[in-house]
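Please read this briefing with the sequence and the model open side by side.

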Amino acid sequence: AAPSRFTLGHDMALLFSLAVPTAFAFHAHQVGRTSHTVAIAPRATPPPSMLVETDKHNWCEDVEGCGQLTVVFFYAPWCRNCKAVRPRLERLEREYAGRATFLQCNFKAEPALCYEQRVFSFPTVHFYLPRIGRVSRAVLTGKDAVPKVRERLGRFLGGSRQLRLLQSLTAEAVRPVVQYKALVEALEALAAMAHEPKEADATAFGQGVSPKKESARLRGLVQGDELRLAGLEAIFAQLDADADGRLRLADLERVVAAVRAGDGDAAAGEAPLLERLRGVPGLDGPVGVDQATFVSLMVDKAVQDFAQGDRALMPVFEALDADGDGTVAQAQLLSTIERFCAAMPEAEGCEVDHRPLRLAQAFNAFANDAKLLDYQRFVEMVSGREGGGEECEVGAPRRAAASTYLEEEAERSGERECFGEGVDDQGEDDPSCDAWFFGEDPTEEKMQRTASPEKVAALKAAGEAAIARRKQMEEVRARLKGALPQQR
């Protein structure tokens, strides 16, 4: 028998209530009420990224040509910490608007610029002052980004004592120390020839990176820097005392005595530098080391320095730290550089007029509150003043950076990204690459989460209720389909 009109109407009402229960209940609740309009405030739009993108083309104009302190944020699109640090830097940029310029540089788009600025890891910020250059750097995390950056901003803004000292500083003042550093690094590289080269640590360049491929890319960048290569040839000429085109132990003894003057002959646990040089095959004989071999050796050292990160200058600092207490006093620095210039008067920077006075001013400009140079302050003093790279031409028209953070984020949608190649040395897929892409840190231990039995039971009951509701709706549809006349 056909269903009655009452049954048909009841089923349609039941289907309607099951399909749109919220709307049905809302309609029944509003019956008999006076309608009125409720004003809904629009959702606040998050502030756009304020950090302006810079690149190699705009670097001179953006940084060298800037009339105030410049803070450059170096990041990589796959860097998880970079995403945590960026909003904190944007807040600091708004807070210090008009007093400091904030920029950002994308490693993926500008690897040569990042290597030129000696950016070892991400996220890193560098601080630049007009006519002085880089005066500080810091590797950040989400937790320490604000205090680290704010501390340095306080040092270089607002008429601070250090800012006044830095503004009176000239590049010539630190040239003897920079030259001292270059010669110590050359001697250390030569001494390392006595041992088998160490294989690069699998995580030296970051998680998910092939050390062999990244080392090859770095080596290509260094070999393509003509100014850097010219500087290495000049260092070879200073070491080659008899100018015969080969370095022998007799040529290096004078330099070793100059840079190792004092009690700090070498780092703890190591043989003295001269003894290590004597262990280099061929260096104590007629063959020696020619210029091409020396330049290749220093290129390899440059690649190793990038892998070592902030530790790269430690041998130079230990040479200055005669008493091994982890700090260098002004008297230590002045006496060491004076002995160095007395032994090698032809060294670059030793011809500067009033050298001790200027060097004392440079020391005060970078020293901490205790009037000492710790390792980080020493790195600030000498790093970034080695030369190399291209000459700046301030005033060139600025062009839009080739890549921005938002474009990188859009590009990453659906794309598998990681640092270097997405495969390991054996050509297999690198799982850490996917981990970085999906916002995970493969170096962190995975957190185990256990749901409570009550929550599991509640979710199960909700699922069963949804299944029963769906079945009821299907039964109602079936009855309605049988009751309605079929269209021909």
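**Salt bridges**

Arg-152 and Glu-151 form a salt bridge, with 3.5 Å between the closest N and O atoms. A salt bridge here is a side-chain nitrogen of Lys or Arg within 4 Å of a carboxyl oxygen of Asp or Glu. This is a predicted model, in which local features need pLDDT of at least 70 and side-chain atom pairs count only at pLDDT 80 or more, while totals for chains, interfaces and linings use all residues. Residues are numbered from 1 along each chain as its sequence is written, and side-chain values use heavy atoms, with hydrogens and water left out.

- Arg-152 is buried at 13% relative accessibility, whereas Glu-151 is partly exposed at 37%. Buried means under 20% relative accessible area, exposed over 50%, and partly exposed in between, with a 1.4 Å probe and protein chains only.
- The structure holds 16 salt bridges.
- Side chains of opposite charge can pair when their charged atoms come close.
- Lys-301 and Asp-305 meet in a salt bridge, at 3.1 Å from N to O. The two residues are four residues apart in helix H13 (residues 291-308), so about one helical turn separates them. Helices (H or I, at least four residues) and strands (E, at least two) are DSSP runs, numbered from the N terminus.
- Both ends of that pair are buried: Lys-301 has a relative accessible area of 13%, and Asp-305 has 8%.
- Salt bridges with shared partners join Glu-151, Arg-152, Arg-155 and Glu-380 into one network.
- Another salt bridge brings together the side chains of Arg-175 and Glu-348, at 3.9 Å from N to O. This pair links distant parts of the chain, 173 residues apart: Arg-175 lies in helix H8 (residues 171-191), and Glu-348 in the loop between helix H15 (330-343) and helix H16 (355-366).
- Arg-175 is partly exposed at 25% relative accessible area, and Glu-348 is partly exposed at 43%.

- Strand E4 covers residues 124-129, and six of its six residues are buried, so the strand is largely enclosed by the rest of the structure.
- In a regular strand the side chains alternate between the two faces of the sheet. In E4, Thr-124, His-126 and Tyr-128 point one way, while Val-125, Phe-127 and Leu-129 point the other way.
- Strand E2 (residues 69-75) runs antiparallel to E4 and is joined to E4 by five bridges. Two strands pair if DSSP finds at least two bridges between them. Val-72 has His-126 of E4 as its bridge partner.
- Strand E5 (residues 133-139) also pairs with E4 in the antiparallel sense, over six bridges. Within this pairing, Phe-127 stands opposite Ser-136 of E5.
- Three residues lie between the strands in the hairpin of E4 and E5, where Arg-131 takes a positive phi near 65°.

**Nonpolar core**

- The largest nonpolar core has 108 residues. Such a core is a set of buried Ala, Val, Leu, Ile, Met, Phe, Trp, Tyr and Cys residues joined through side-chain atoms within 4.5 Å.
- H8 gives the most to this core, with 13 residues.
- The residues with the most contacts inside the core are Leu-153, Leu-239, Leu-277, Phe-294, Leu-333, Phe-340 and Met-381.
- Leu-333 is in contact (heavy atoms within 4.5 Å) with Val-177, Leu-320, Val-328, Leu-359, Phe-363, Leu-373 and Met-381, leaving out residues up to four places away in sequence.

**Cysteines**

- A search of the whole structure finds two disulfides, a disulfide being a pair of cysteine sulfur atoms within 2.5 Å.
- Cys-79 and Cys-82 are joined with an S to S distance of 2.5 Å. The torsion about their S-S bond is about 85°, so this disulfide is right-handed. Cys-79 is buried at 10% relative accessibility, and Cys-82 is buried at 1%.
- Cys-341 and Cys-350 form a disulfide with their sulfur atoms 2.1 Å apart. This link has -75° about the S-S bond and is left-handed. Cys-341 counts as buried at 4% relative accessibility, as does Cys-350 at 8%.
- The closest cysteine sulfur to that of Cys-114 is in Cys-105, at 4.1 Å, too far for a bond. Cys-114 is buried at 0% relative accessibility.
- Cys-66 is buried, with a relative accessible area of 14%.
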